[in-house]
Amino acid sequence: MGKKITICTFIDAFGWEVYKRYGFLDDILPEARRLRTTFGFSSAADPSILTGRYPDEHTHWSCFYYAPENSPFKLMKLLSILPRQIFDRGRVRHWLSKILAKFYGYTGYFQIYSVPFEVLPYFDYLEKRDYFVPGGILATDTIFDRLYSEEIPYHCSNWRLPEKRNLEIAKDTINEGKIEFMYLYLPKLDAVMHEFGNNAPQVEEKIRWLEEQVREVKKLAEEKYDEVAFFAISDHGMANVTESVDLISQIDSLGLEFGKDYVAMYDSTMARFWFMNDSARSRITEKLNQCSKGYIVSDEELKQMRVFFEDRKFGEVIFLMNAGTLIVPSFMGLKSIPGMHGYHPDDKDSYCFIKSDRHIPEDVNSITDIRRALEREIFNV
């Protein structure tokens, strides 16, 4: 047998609905399948792709989880005296996150977003380690662990580098002809749709650029290898934001004391609560039930979505916003943006896809099935 390479091109937030609108390399990747994503954000979806398991198995869900006893951010409360008009700015927060990641030795993606400094000491951060290297996931292995253990030479893009640089490196690596698997990471479509929504001219422009780049990668691989199995995948879709709700003010209006009566993490599309007394639980639950823009996700539904955790570190009560509705301000951002993901996985704009020049079996329907599809090609099983 001649040399074979399997290439998986990951395109962040390329939803099924966006694909249906614009298409993507249908002439060279004729097979396409809609995939159900996991409930949550990329902190849940990416590990689910790499492990082939759901969050209740690989244990990665939301990036911030309740851990007041062991929080590494206890000293951050001292920064709450700093002027918010300066330290709540996105650029300042970005560079502060870089400093903190280096200080704590985190190798994974780390951002404090707009979480107030006085709130951080109630939480720990999940993604301390890089997902994309062996040993990066807390409870289970990933496709990279298997490649490493079975001594399969591979290349995975460095997510810290710009897309264009990763494309250059990918082409150079293919030209060397020494690897059998490549994971090409292209994340910037996500940023375009956050900024403009999912049907703006900038989205089609970005997709056409991605088509050109991915086509070149595939062509080069076919010139260097005897056999090429090519896949394009995504992790979730993107919904257009149509309205916002100031949920923080609604909860604040109850007059309860944060840290004494309750603790909350206000993600952009959901709010998660922990309670110190029954009164706070009752009053906050009643207030949430009065909000028609979202609903409290039951334990049964969390179990069905495979994101239920007995220790409740991700939330005792989880309030999910309706698709297209954003919590503004939130601990993820202080202003509304045109596009967002992290809604219910059954919302039409949440679905993503897998495309290939190989037959996609009927049993590939979820992002947790991607690993199995790739390993069938890599290991010829």
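**Close-up views of the predicted model**

**View 1. Contacts of tryptophan 61 in the predicted model.** Leaving aside residues up to four places away in sequence, tryptophan 61 is in contact (heavy atoms within 4.5 Å) with Phe39, Gly40, Ser43, Ala44, Pro55, Leu126, Met270, Arg272, Val307, Phe309, Phe314 and Ile318. Residues are numbered from 1 along each chain as its sequence is written, and side-chain values use heavy atoms, without hydrogens and water. Because this is a predicted model, local features need pLDDT of at least 70 and side-chain atom pairs count only at pLDDT 80 or more, while totals for chains, interfaces and linings use all residues.

**View 2. The nonpolar cores.** A nonpolar core is a set of buried (under 20% relative accessible area, 1.4 Å probe, protein chains only) Ala, Val, Leu, Ile, Met, Phe, Trp, Tyr and Cys residues joined through side-chain atoms within 4.5 Å. The largest has 64 residues, of which Trp61, Phe64, Tyr262, Tyr266, Phe273 and Ile284 touch the most other members. A second, separate core of 37 residues includes Val18, Ala170, Ile174 and Phe353.

**View 3. Cysteines without a disulfide.** With a disulfide taken as a pair of cysteine sulfur atoms within 2.5 Å, a search of the whole structure finds zero. The sulfur of cysteine 352 lies 11 Å from the closest cysteine sulfur, that of cysteine 8, which is too far for a bond. Cysteine 352 is buried at 0% relative accessibility, and cysteine 291 is also buried, with a relative accessible area of 7%.

Notes: Buried means under 20% relative accessible area, exposed over 50%, partly exposed in between (1.4 Å probe, protein chains only).
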